[in-house]
Amino acid sequence: MTAPIIRIDSIRKSFGTHTVLDNLSFDVMPGEKLALIGPSGSGKTTILRILMTLETINGGHIEVCGEQLYHMQRKGREVPADEAHLHHMRRHIGMVFQHFNLFPHKSVLENITLAPVLTKGEARPMAEKRARDLLDMVGLADKAGHMPAQLSGGQKQRVAIARALALQPRIMLFDEVTSALDPELVEEVLLVMKRLAAETDMTMLLVTHEMGFAHEFADRVLFFDKGHIIEQGPPDHIFSNPTHERTQTFLRKIIAAGHRV
Amino acid sequence: MEWDWAFVWQIMPTLLEGLKLTLLITLLASAVAMVLGLGFAILRRSSVAVVARGTGWFVEFIRGTPLLVQLYVIFYVLPDIGIRLPPLVAGVIGMGLHYATYTAEVYRGGIENVPRGQWEAAKATNLTARQAWLHVILPQAVPPMIPALANYLIAMFKETPLLSAITVLELMNQAKSVANSSYRYIEPMTMVGVFFLAISLVSVVILKWLEHRFGKVAK
């Protein structure tokens, strides 16, 4: 029996007086492809941001790759993680954002090589070689010298995926990566992610409104509402015959809004 | 009183000495202002509340008091507690510090204009705070603020005569001393004005070019 790669244990998160996550727990197994779905404001994106340490938690514990994410041991006591510990933990995790967040002043190639060279001390020629391989993988081998502003949204997002992969994380987080794209550009990004899911044993967490893609991509789907997991299971179960009434309502609304399931 | 060209040529070497010092002070003091201002801007964003607030107060205090008073304090009061600075050093520190409180505002604006997503991407690619500043934030924040920074450089240049109050032999002080010893003010003071005007005009042209070059950056 393998141990989970992520253990989320009764975490709480609030922004001011507004509680987003309340006593939430779930595990993710190594290599698992997880889709987080649910209405806006249900806390799905917050979970990814917490895992990337872009937000902190107000209570509970998270374990990533066998180590506490937000806590560490000092003199036999558990204390809040310091910046050095967070830095140490972040190398396990990569993230792709809704709005790409490419570095606009750096070329496509530099966007991908910057972090490996700076944070892992990789030699530039080696980092560049891998960056070119990754660009090839996302179908942008000819764009290495371009600036982000010269790319379409779909191309930018594929570069962002390559940038995250260049650090060879064990866990990848995808936060509504197609939501900011024009409809005709969605497919090229999803195609890259499908290949990635098929060809690697990385653990992937996906927050999405693309139900069709979630169905195809995920091993397990978690349906969130108001910070709680209402229902979870294999995609066939969640999408074809959800047991919970709120899941049914949500899926009905999504279909009515023109999303494919 | 008549304009005397012979006198102009006679005092020219002295005035040029002063001008050289004026330019040197402007350069050194603006270097101090650029670096210190960035330091203030970064400290004001510190997550340690005491540091952020303390820096804020200090900046407000310096900006809220006249440069001339600060120069007097640095040059005439500090020696009472054992800190004795040569006039030039005192002047450069005084002007640099004073203008750093203005450049800090420029930096702050420029830094705040970098979208939050850039910080998040830097963090997600596991850059340290220092690496994020150096490789992601500042390269995007600085170019748009170059025109505003250059503007302060010109302002500093025009404020250098204040340093004559602490015995720095810059252009104004040189002119005053030749005027005092020859009892002729028209030529020295006119020449000071001409020098300042000529250099300011050139600077404005350069500034216009900088605005054109860096004012707008592609998103």
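Analyst: Strand β11 (residues 220–225) of chain A and β12(A) run antiparallel and are joined by five bridges. Strands here are DSSP runs of E with at least two residues, helices are runs of H or I with at least four, and both are numbered from the N terminus. Two strands are said to pair if DSSP finds at least two bridges between them. This is a predicted model, in which local features need pLDDT of at least 70 and side-chain atom pairs count only at pLDDT 80 or more, while totals for chains, interfaces and linings use all residues. Residues are numbered from 1 along each chain as its sequence is written, and chains are lettered from A and ligands numbered from 1 in the order in which they are written.

Across the two strands, V221(A) stands opposite G233(A) in β12(A). The hairpin of β11(A) and β12(A) has two residues between the strands. K226(A) is in the loop between β11 and β12 of chain A. Its phi is positive, about 50 degrees, although K226(A) is not a glycine. Most residues other than glycine have a negative phi. K226(A) counts as partly exposed, with 15 C-beta neighbours inside 10 Å. The scale is this: a residue is buried if 20 or more other C-beta atoms lie within 10 Å of its own, exposed if 12 or fewer, and partly exposed in between, with C-beta atoms placed from the backbone.

Another residue of chain A can be set beside it. S10(A), in strand β1 (residues 6–15) of chain A, has a positive phi near 45 degrees and is not a glycine. S10(A) is partly exposed, with 13 other C-beta atoms within 10 Å.

Two residues are in contact if their C-beta atoms, placed from the backbone, lie within 7 Å.

β8(A) also meets helix α2(A). The buried residues of α2(A) pack against β4 (59–64), β5 (67–68), β6 (71–74) and β8 of chain A. In α2(A), H85(A), M89(A) and R90(A) are buried. Seen down the axis of α2(A), these buried residues fall within an arc of 135 degrees, so they line one face of the helix; the arc is that of the directions from the helix axis to the C-beta atoms. On the other side of α2(A), E83(A) and A84(A) are exposed.

Which residues touch the most other members of the largest nonpolar core? They are L36(A), L173(A) and L206(A), in a core of 112 residues. A nonpolar core is a set of buried Ala, Val, Leu, Ile, Met, Phe, Trp, Tyr and Cys residues joined through C-beta atoms within 7 Å. The largest share of this core, 12 residues, comes from helix α4 (residues 87–112) of chain B. Leaving out residues up to four places away in sequence, L173(A) touches several residues, including I93(A), G94(A) and M95(A).

The two chains also meet in a contact that takes 21 residues from chain A and 17 residues from chain B. On the side of chain A that touches chain B, α2 (83–90), β8 and α3 (108–120) of chain A each supply at least two residues, and α3(A) gives the most, with four. The residues on that side divide into 11 nonpolar, seven polar and three charged. Here Ala, Val, Leu, Ile, Met, Phe, Trp, Tyr, Cys and Pro count as nonpolar, Asp, Glu, Lys and Arg as charged, and the others, Gly among them, as polar. As for chain B, its secondary structure comes to eight helices and zero strands.
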